[in-house]
Amino acid sequence: MRCRFEGRTAFVSGGASGIGAETVAALVGEGARVGFGDRDSAKGEAFARETGAAFFPLDVRDEAAWRLAIAQTEQRFGPVSIIVNSAGISQPASIEQASLEHWRETMAINADGCFLGCKVGVETLKRAGGGAIVNVASMLGARGGATFPAYSASKGAVRYLTRSVALHCAQAGLNIRANCVLPGAIDTPMYRSYIDRAVQAGATQDAAERQFAAMHPMGRVGKASEVAAAILFLASDEGSFITGADLPVEGGALA
């Protein structure tokens with residue numbers, strides 16, 4: 001197997017499940033030393049034992065927790081040159097249903113958490129002499145969703161934060177690239193929670209899954225491994241002249 005990341009250290013937020021976990025496993029599989037953070041310590045510790053990555057408790061809303069997790073990763077593995085901001089939540093609620101508390105929690109984790117990951121990430125990558133930041137946004141950050149106003153707004157914020165970080169780093173000559181991926185519906189625990197909600201509302205599981213598949217011209221939902229592959233491309237030297245970009249991984253839904 002090609003080891004694109006041999007000798008490099010990466011840190012992934014939200015790395016205990018879903019796209020984050022698949023990214024951790026893929027980075028380890030291609031030779032990286034990987035630290036990852038998550039709020040779920042039990043799941044994180046179990047996944048670390050499974051993959052050989054190192055788990056550090058992380059609430060992405062807490063700047064001090066970010067600095068500690070990065071410092072622990074550097075102490076264990078050396079300079080960090082890849083940051084993947086994958087932590088996020090999604091709770092469907094239309095503008096009529098959503099509360100201010102729901103809005104604030106979604107923005108705090110998805111937008112504020114990514115902001116802190118980028119802020120601490122730039123400082124970290126400067127110490128390493130450069131590197132790459134990859135943020136996980138969403139196709140709903142590009143086109144909106146009727147039942148996802150908070151989520152769509154938070155992921156739109158991630159997209160434009162990414163562009164601002166990319167431009168700052170390029171103009172300052174920092175040798176740091178920043179890009180983001182825009183996943184569609186991906187078969188993860190988050191997606192499964194949507195299916196469960198639909199079933200509880202009276203739909204059959206098959207009908208709910210077909211509805212999500214129909215959102216994508218390719219006629220299916222995606223796999224977490226497909227998003228991880230895009231993240232690794234953007235983090236690797238193969239993406240060395242790409243910064244400030246959105247990479248859709250959504251089966252043609254934004255075409």
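This passage describes the overall build of the protein and then turns to strand 6. The model is predicted, so local features need pLDDT of at least 70 and side-chain atom pairs count only at pLDDT 80 or more, while totals for chains, interfaces and linings use all residues. Residues are numbered from 1 along each chain as its sequence is written, and side-chain values use heavy atoms, with hydrogens and water left out.

The protein holds nine helices and nine strands (DSSP runs numbered from the N terminus, helices being H or I of at least four residues and strands E of at least two). Its radius of gyration, taken over C-alpha atoms, is 17 Å, close to the 18 Å given by the globule rule for 255 residues, so the protein is as compact as a globular protein of that length. That rule is 2.2 Å times the number of residues to the power 0.38. The C-alpha trace spans about 50 × 40 × 35 Å along the principal axes. Of the 255 residues, 53% are buried (under 20% relative accessible area, with a 1.4 Å probe and protein chains only).

Strand 6 pairs in the parallel sense with strand 5 (residues 131-136) over six bridges; pairing requires at least two DSSP bridges. Within this pair, Val 134 stands opposite Asn 179. Strand 9 (residues 246-249) also runs parallel to strand 6, joined by four bridges, and its Pro 248 is the bridge partner of Leu 182.

Definitions and conventions. Buried < 20%, exposed > 50% of the residue type's maximum accessible area, 1.4 Å probe, protein only.
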